Amino acid sequence: MSDQRHIVIFDTTLRDGEQSPGASMNLREKIEIAEALAELGVDVMEAGFPIASEGDFEAVREIANTVRGTTICGLARCNDHDIDRAWEALQGAASPRIHVFLATSAIHREFKLKMSRAEIVQRAVDGVRRAVGYCDNIEFSPEDAVRTEQDFLCEVVEAAIAAGATTVNIPDTVGYATPAHMGQTIAMVKNRVPNIDQAVISIHCHNDLGLAVANSLSAVEAGAGQIECTINGIGERAGNCSLEEVVMALRTRNDYYQCDTEINARRLVPTSRLVSSVTGMQVQRNKAIVGRNAFAHEAGIHQDGMLKERTTYEIMRPEDVGFAKTDLVLGKHSGRAALADRARTLGFRLTAEQLQRVFFDFKELADKKKEIYDGDVVALIEQQLHGTADEHWKLVTYEILSRHDGQPRVRMTLRNGGGDATLEVTEGDGPIDAAFVAIEQITGLSLVCKDYQVRSATIGRDAQGEASMEIEHEGRSYRGVGVSTDTIEATLKALLGAVNRIVDEQHAA
Ligand SMILES: [Zn+2]
């Protein structure tokens, strides 16, 4: 039993993942994800980059102060100011870690930092020492390690460990490595750095060539003891190593790797769903482990085999990664406790206040629709999560006319504070465009539609329509989600959700 090697799962959904274009999250959303990650059992969560912005700082501090049962990590460049700020955010954590990084590859040294090799080593040592003055759990990352000359990489890693780093990360920052190459790099570090036994070797892979998971597994095989990854593989460009895939690869092929993790795999699907809903980045249907089709057997010959003996075509059971066995149906007479229980199973942790609001919407929906499926519950919750604390602009009433070969017409009343504003427009290429014009004129905001999607939340003609809208305003993106059994209404709610986020930010500024 004890010959199993424990692999540290370092989640960076809230830091590297949040850098995905369009995936930015507010404080409330970050805390919600942090709690879900703790429940999932990640050993370390990188909560953000405190120096990057006031919002990042606040998020790391709040998570450090409130989330327990896991190590909370904050990122810092290798300078005093960054490291001090990171510690300021992290000091309330029961188990804090400071993660210091400095680029080491020739390209970065020459063009970005304009520093010599000796200066880089000195800067790394100074940074790690400063961090060690605050806490004893320090990670050091030589950025772009995979493209760094091997001798120099070993020199920097050795110096960082001697200065007190307890984890040394080997990041493939640009997604350039291939599996065998990655394995060799880790083996080289393990064999050539004399004090390597005093630190855990970590791996951080990007998916530019679609190899992040394969590279991470290869690194583990060569001796890495920590994997940096994100839920659904989100992150810069093509993303990071996907947590659910790498964890299930280690688990399913335990016979080969002989490694285990602390991850509670039954929370994988709920956590994936939560991250997808918060970031608006849908999981593709055929995504391994958490995609909708990941366990769907279509071919007749496979189905036949499955019925006789499921292991003929199945290497994992859907329930082991958290797919619900049945799509439980709720109805008019289901109480708040049943709804709360369902929400939790689906991956959401609602505050009493949020639950109350979702329950109100649920009752309203139950009057229109007899059977309420999981998809409906998710849609209602998403709408709550993406609503803003203050609804600056609220939809009072609307009338929309769409006709073949004619101008659309929109008449809309919005409420802002106490006052109502009504407007009628007869321009635009169709009813949605006309609604944009009306909302722009009433609110005085200029809105560019970057993405608009409508999908049915469940099966059936009476299914709720779930609209998701990404709006650009003054160069920044804002997301809104709306649900209704009427798709036009869902669209207007999504549009106003995004508008309210713009106003929120204007008030905060
Ligand atoms: Zn990265």
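Q: Which residues coordinate the zinc ion?
A: In this predicted model, local features need pLDDT of at least 70 and side-chain atom pairs count only at pLDDT 80 or more, while totals for chains, interfaces and linings use all residues. Residues are numbered from 1 along each chain as its sequence is written, and side-chain values use heavy atoms, with hydrogens and water left out. Donors are N, O and S atoms within 2.8 Å of the metal (3.2 Å for Na, K and Ca), and since water is not among the atoms, sites may look incomplete. At 1.9 to 2.2 Å, the zinc ion is coordinated by Asp16 (OD), His204 (NE2) and His206 (NE2).

Q: How many residues apart in sequence are the parts that Asp16 and His206 tie together?
A: Helices (H or I, at least four residues) and strands (E, at least two) are DSSP runs, numbered from the N terminus. Asp16 lies in the loop between strand S2 (8-11) and helix H1 (27-40), and His206 in the loop between S8 and H8, so the pair ties together parts separated by 190 residues.

Q: Is Asp16 buried or exposed?
A: Buried means under 20% relative accessible area, exposed over 50%, and partly exposed in between (1.4 Å probe, protein chains only). Asp16 has a relative accessible area of 2%, so Asp16 is buried.

Q: In what order do the eight strands close into a barrel?
A: Two strands pair if DSSP finds at least two bridges between them. The pairing in the barrel is parallel, and the eight strands close in the order S2-S3-S4-S5-S6-S7-S8-S9.
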